[in-house]
Amino acid sequence: MPEIKPTTSLEEITALSKRRGFVYQTSEIYGGLANSYEYGPSGVEVLRKIKNLWWDFFINKREDMLGLDSQIILHPKTWEASGHTTSFADPMVEDQITHKRYRADHLIEAFLKKNPIDNPPVVEAMKITDMDQFLKEHQVKSPDGNQISEVKNFNLLFETSIGVIADANNKVYLRGETAQGIFSNFKQILDSNRVKLPFGVGQIGKSFRNEITTGQFIFRTLEFEQAEIEYFFDPEVNDWQVLFKDWQEQMWHFVTKVLGVNEQRLRWRRHDDAERSFYSKDTYDLEYLYPFGWKEVWGIAYRTDYDLKQHMQFSGKSLEYTDPFTLKKFIPHVIEPAVGINRLFLMVLCDAYFPDEAKNRLVLKLDQKLAPYQLAVFPLLRNKAELVNKAREIFLQLNKKYSVAWDERGNIGKRYLSQDELGTPYCLTIDFETLENDSLTIRHRDNGLQERVQIKELEQYLADLLI
Ligand code: GAP
C-alpha cells in the first residue's frame with residue numbers, strides 16, 4: 001500500500017485560507033496577535049455548517065441528548081473543583097537570553113525530528129522530570145540557539161477580574177473547557193427535565209487557553225470553539241466499555257460520513273498510563289494526518305464520577321441522581337467526547353485540498369454540505385443586459401433555497417477557477433442559448449463536466465444533487 005501523506009503543506013493551506021477569505025490573522029493591521037485567527041466570509045460559513053451538523057447529529061437527532069449554553073465566566077470555585085487552577089498546565093522552558101518561553105515537549109519533538117534516535121520516547125507520555133533529563137542529556141537549546149531553563153509548569157487558564165478593583169477576591173477565569181459548565185449545571189438539568197440515565201448533555205462554545213506555541217495555524221489557538229458531550233450513566237447498569245465503543249463509532253461516523261473525510265487519514269491512538277489524565281480510566285484520541293503530522297482532532301475519555309464528586313465537595317450541594325424506579329441514589333459516571341470545531345475545520349479544509357495538475361487548477365473538494373456556497377450563478381457577459389437580467393432572476397430564485405454566489409467579473413474560465421478554490425460544487429451559466437431555448441449550463445466542480453439543463457427542470461435537477 002502506498003504511504004499515506006498529508007494532502008498539503010501548512011504554507012499552502014494558510015495561503016489559500018487568506019487568499020479566499022477562509023481564515024485571517026487576528027489584528028493583522030497591527031502586526032498580528034500570536035495564536036489568534038479570524039474566520040473570513042468563506043470560513044465563517046464552513047464553521048457554522050460544521051457546528052450545525054454536529055448539533056443536528058449529536059443533539060437534535062438523539063433522544064438521549066440535551067443541549068446547553070453555559071457562560072464563559074463561571075464561579076471561580078468551578079476551576080478549583082475541577083483541578084484546573086492547580087494542574088491545568090503545560091511544561092515550559094525559558095530561553096536564558098531572550099526570556100522567550102517554549103513548550104518543553106515541542107522542543108523535544110523538534111529535536112527528535114532533526115536527530116532521530118533508536119527507541120525514541122513517547123513525548124506525550126513524558127513527565128516533567130523525564131523532559132528535563134532528556135533536554136539536559138541531549139543539550140537541547142532554544143530555537144534561538146541559547147541555553148534554556150529547567151522545565152516548569154505554566155498554568156493555561158486566562159485570569160481576569162470582575163468589577164473595578166483587581167484583587168484576589170474578584171479574580172475569575174475565562175473557561176478552559178466547556179465541560180465544567182455541564183457538570184456545574186447537572187443538578188438544574190436534573191431538576192428541570194424528565195431525564196433518565198443514560199443521557200448526555202452537549203454544548204458548543206468558546207474556550208480559552210494561554211497557549212504559547214506558535215506556528216500551528218488554527219490548530220492551537222488562544223481562543224477556540226469546543227463541542228463537548230458529557231454522557232452520564234449508571235456503571236452498575238451500563239458497561240462503560242460498550243458505551244465508550246459506541247461513542248467512538250459515532251465520532252468516526254460523523255467525521256467520515258457526515259463531514260466526508262478520507263478514512264485513510266484518520267486513526268485512533270490510545271493514551272498510555274503516563275499520558276492519561278489522572279481522573280480518566282481510558283482515553284483515546286481520534287487523530288488526523290494534518291500537514292504537520294498525526295495530531296488529535298477529537299478526544300474521548302471515561303472521566304468516571306470524578307467531576308461531579310469534586311463539584312459536590314466544593315459546592316456542598318448534592319449532585320446525586322435518584323433512579324425513578326428503584327430509588328437508588330448515586331453519582332453517575334461520565335464518558336466525554338470532546339472536540340475542537342476549529343480542528344474539525346482545519347481537517348476538512350486540508351482533506352478537501354486538491355491540486356488538479358491535469359487541469360491546472362486548485363480545487364477544494366468540500367462535501368456539498370460544507371462548501372461556503374452550494375451554487376454560483378454567472379451571466380456569460382456582464383455588459384449584456386438580457387443575460388444579466390435573466391441570470392439575476394435565476395440567482396434570486398435559487399437564493400431562497402440554497403447558498404448562492406454571484407459573479408460577473410472576468411471570463412467564464414477564471415470564474416470557474418475562482419469557485420473551484422472556494423469549493424462551490426456547481427456553477428450555472430446563463431448564455432445566449434438561454435435566451436433562445438430557456439436552458440443553462442451546469443458545470444460540475446470535481447470533474448469539470450458541463451451539462452445543459454432546461455430551466456423548468458432545474459429545481460428537480462438540483463434537488464437530486466443538493467440537500
Ligand atoms: N474537556 C476535555 C478537554 O477539554 P482537551 O483534549 O484539552 O480536552 C478537547 O480538548 C478538544 O479541544 C481537543 O481534542 C481539541 O480538538 C480542542 N482543543 C484543545 N486545545 C485547543 C487549542 N488550544 N486550540 C484549538 N483547539 C483546541
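Reply: Contact here means heavy atoms within 4.5 Å. The model is a predicted one. In it, helix α5 lies across strands β4 and β5, and the angle of α5 to β5 is about 70°.

Me: In what order do the strands of the sheet that holds β4 stand?

Reply: This sheet is open and has 3 strands, with antiparallel pairing. Strands β5 and β6 (152-155) stand at its edges with a single partner each, so one side of each has no neighbour in the sheet. The twist from one strand to the next averages 55°. The order is β5-β4-β6.

Me: Which residue of β6 is the bridge partner of Pro91?

Reply: Strands β4 and β6 pair over 4 bridges. The sense of that pairing is antiparallel. In β6, the bridge partner of Pro91 is Asn153.

Me: Where does His99 lie, and what is its phi?

Reply: His99 lies in the loop between β4 (89-94) and β5 (101-103). It is not a glycine, yet its phi is positive. The value is about 65°.

Me: Are α5 and α6 parallel or oblique to each other?

Reply: The axes of helix α5 (residues 104-114) and helix α6 (residues 128-137) come within 10 Å and cross at roughly 45°. The crossing in which α5 passes α6 is left-handed. Angles under 35 degrees count as roughly parallel, and the two helices are therefore oblique.

Me: Which residues of α6 make the contact with α5, and how many residues of the contact are nonpolar?

Reply: From α5, the contact draws on Ala104, Asp105, Leu107, Ile108, Phe111 and Leu112. From α6 it draws on Met131, Phe134 and Leu135. By class, the contact has 1 charged residue and no polar ones, and the nonpolar residues number 8.

Me: Which strands stand at the edges of the sheet of 7 strands?

Reply: The 7 strands form an open sheet of mixed pairing, in the order β3-β9-β10-β16-β13-β12-β11. Neighbouring strands are turned by 25° against each other on average, direction ignored. A strand with a single partner has one side left without a neighbour in the sheet, so the edges are β3 (65-67) and β11 (266-270).

Me: Which residue of β16 is the bridge partner of Ala227?

Reply: Strand β10 (residues 223-233) and strand β16 (residues 333-340) run antiparallel. They are joined by 6 bridges. In β16, the partner of Ala227 is Val339.

Me: Which helix packs on this sheet, touching β3, β9, β10, β13 and β16?

Reply: The direction of this helix makes about 160° with that of β9 (199-208). The strands it touches also include β13 (293-304). The helix is α2 (residues 41-60).

Me: Is the crossing of α2 and α11 left-handed or right-handed?

Reply: Helix α2 and helix α11 (residues 341-352) pack with their axes 10 Å apart, at an angle of about 115°. Gly43, Val46, Leu47, Ile50 and Lys51 of α2 meet Ile341, Asn342, Leu344 and Phe345 of α11. These residues divide into 6 nonpolar, 2 polar and 1 charged. The crossing is right-handed.

Me: Why is the pair of Phe233 and Tyr302 called tilted, and how far apart are the ring centres?

Reply: The structure holds 32 aromatic pairs. The planes of Phe233 and Tyr302 stand at 35°, so the pair is tilted, and the centres are 5.9 Å apart. The pair links distant parts of the chain, with Phe233 in strand β10 and Tyr302 in strand β13, 69 residues apart. The distance between the ring centres is 5.9 Å.

Me: What is the phi of Leu327?

Reply: Leu327 is in the loop between β14 (321-322) and β15 (329-330). Its phi is positive, although the residue is other than glycine. The value is near 65°.

Me: Which residue in the turn between β22 and β23 has a positive phi?

Reply: Strand β22 (residues 439-444) and strand β23 (residues 450-454) pair in the antiparallel sense over 5 bridges, and Ser439 stands opposite Gln454 in β23. The two strands form a hairpin with 5 residues between them. The phi in question is about 75°, and the residue is Gly448.

Definitions and conventions
Residues are numbered from 1 along each chain as its sequence is written. This is a predicted model: local features need pLDDT of at least 70, side-chain atom pairs count only at pLDDT 80 or more; totals for chains, interfaces and linings use all residues. Side-chain values use heavy atoms; hydrogens and water are left out. Axes are lines fitted to C-alpha atoms, for helices over the stretch in contact, and angles run from 0 to 180 degrees between N-to-C directions. Angles under 35 degrees count as roughly parallel, over 145 as roughly antiparallel, 65 to 115 as roughly perpendicular and the rest as oblique. A crossing is left-handed if the near helix is turned anticlockwise from the far one by less than a right angle, and right-handed if clockwise. Ala, Val, Leu, Ile, Met, Phe, Trp, Tyr, Cys and Pro count as nonpolar, Asp, Glu, Lys and Arg as charged, and the others, Gly among them, as polar. Two strands pair if DSSP finds at least two bridges between them. Rings of Phe, Tyr and Trp (its six-membered ring) pair if their centres lie within 6.5 Å; planes under 30 degrees apart count as stacked, over 60 as edge-to-face and the rest as tilted.
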